Amino acid sequence: MLISQILNNNVAIVRKGSNNEARGNEIIVYSKGVAFKHKVGDNISEDEIQKTYVLDSHDKLEHFSYLLSNTKDEYLQIVTKTIEYGEAIINKKVSDYLYLALLDHVDFAIKRLEKEQIVKSPLDWEVRKFYPDHYKIGLYAVKLIEQTTGLACPNEEAVSIALHFINLQTKENEDDNMVRMMEAVRNILSIIKYHFKLEFEEESINYARLVTHLQYFIIRMFKNEGYTSNETELNKQIRKLYPEAFSCVNKIRIYVRDTFEKELSDEEESYLMLHIQRVTKREEEN
């Protein structure tokens, strides 16, 4: 492999094959001290290369090259360690594009921290509650940033980093749905909270059960897989037993109708009433 460009002390662009082959054969490599050992046009052996980055377009390669030329090697180490940790947590190999996306993010985040500019993610609550493993990856990155730079990095930054890994597990055309589903769960929880005028004990088992039920409920709404059976008699009994829960579900019914253009079945309504009654009764007792 021939070195076509040296980006910094440890990173270079190399061309696989002959000098005459297209630039599509270029890849980025990490080799400790490459700038001191080699110059442009030299051969570099695979034994010297510690990491390769293969990107699927010339534009991405150019972008990554620019970033590597203009950011500190320590930032790439933050990204590399975060991705290695993340792959172990989610048990999935990531594409090299994530190195580009995360390096871009980390570089900009550190510049913001130096100016004491803190940006809170609008999905902070959803990521913490629905994606605890991915949030753990974000917290790991935050710790690395603090250790490397000496800057105080707030946990809000962990959410933004976690989203890079969450997006790996959703197809591109499903990203918007993922965000909409998390927002829908939050909105329904807000309806319940304000109807009963209480704050949830978010560590309780009943709250966790309610959130889990709402997650699957919203997924069914998106997939048009609502319950079809109508247990009318049981539904009537639950309405009588828990009139406040029924009143709250009527508000949720309006939200679902306006948001998804769907109607709640009697069975879905019954499940919601039971979960709401359980969690609100416990909160009121506390």
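Okay, let's start with a word we'll need: contact means heavy atoms within 4.5 Å. With that in hand, among contacts in this chain between residues at least 6 apart in sequence, 69% join residues at least 24 apart.

Two bits of housekeeping. This is a predicted model, where local features need pLDDT of at least 70 and side-chain atom pairs count only at pLDDT 80 or more, while totals for chains, interfaces and linings use all residues. Residues are numbered from 1 along each chain as its sequence is written, and side-chain values use heavy atoms, with hydrogens and water left out.

So, the overview. The chain has twelve helices and four strands; those are DSSP runs numbered from the N terminus, H or I of at least four residues for helices and E of at least two for strands. Of the 286 residues, 45% count as buried, and buried means under 20% relative accessible area, with exposed over 50% and partly exposed in between, using a 1.4 Å probe and protein chains only.

Now look at helix α4, residues 97–114. It has 18 residues and runs 26 Å from its first C-alpha to its last, close to the 26 Å expected at 1.5 Å a residue; the expected span is 1.5 Å times one less than the number of residues. In α4, 13 of the 18 residues are buried, so the helix is largely enclosed by the rest of the structure. After α4 comes E116, with a positive phi near 60°.

What does α4 pack with? One partner is helix α7, residues 156–166: the angle is about 170° and the axes are 10 Å apart. Axes here are lines fitted to C-alpha atoms, for helices over the stretch in contact, and angles run from 0 to 180 degrees between N-to-C directions. That makes α4 and α7 roughly antiparallel, therefore, the word for angles over 145 degrees; under 35 is roughly parallel, 65 to 115 roughly perpendicular, and the rest oblique. On the α4 side you'll find L98, A101, L102, H105, A109 and R112, and they meet E157, S160, I161, H164 and F165 in α7.

Let's zoom in on L98, which sits in α4. L98 is buried, with a relative accessible area of 4%. Leaving aside neighbours within four places in sequence, L98 is in contact with I83, H164, F165 and L168. L98 and L168 are 70 residues apart along the chain, yet their C-alpha atoms are separated by 8.9 Å.

Next, α6, residues 132–149. Its buried residues include Y135, I137 and L144, and the buried residues of α6 pack against α3 (73–90), α4, α5 (124–130) and α7. G150 follows α6, and its phi is positive, near 80°.

On to the cores. A nonpolar core is a set of buried Ala, Val, Leu, Ile, Met, Phe, Trp, Tyr and Cys residues joined through side-chain atoms within 4.5 Å. Which residues touch the most other members of the largest core? Of its 73 residues, they are F64, I192, F217 and I252. Helix α8 (residues 175–196) gives the most to this core, with nine residues. Beyond its neighbours within four places in sequence, I252 is in contact with I188, I191, I192, L272 and I276.

Last stop: S31, in the loop between β3 (26–30) and α1 (34–37). Is S31 buried or exposed? At 2% relative accessibility, S31 counts as buried. Not counting residues up to four places away in sequence, S31 touches N9, N10, I44, E48, I49 and Q50.
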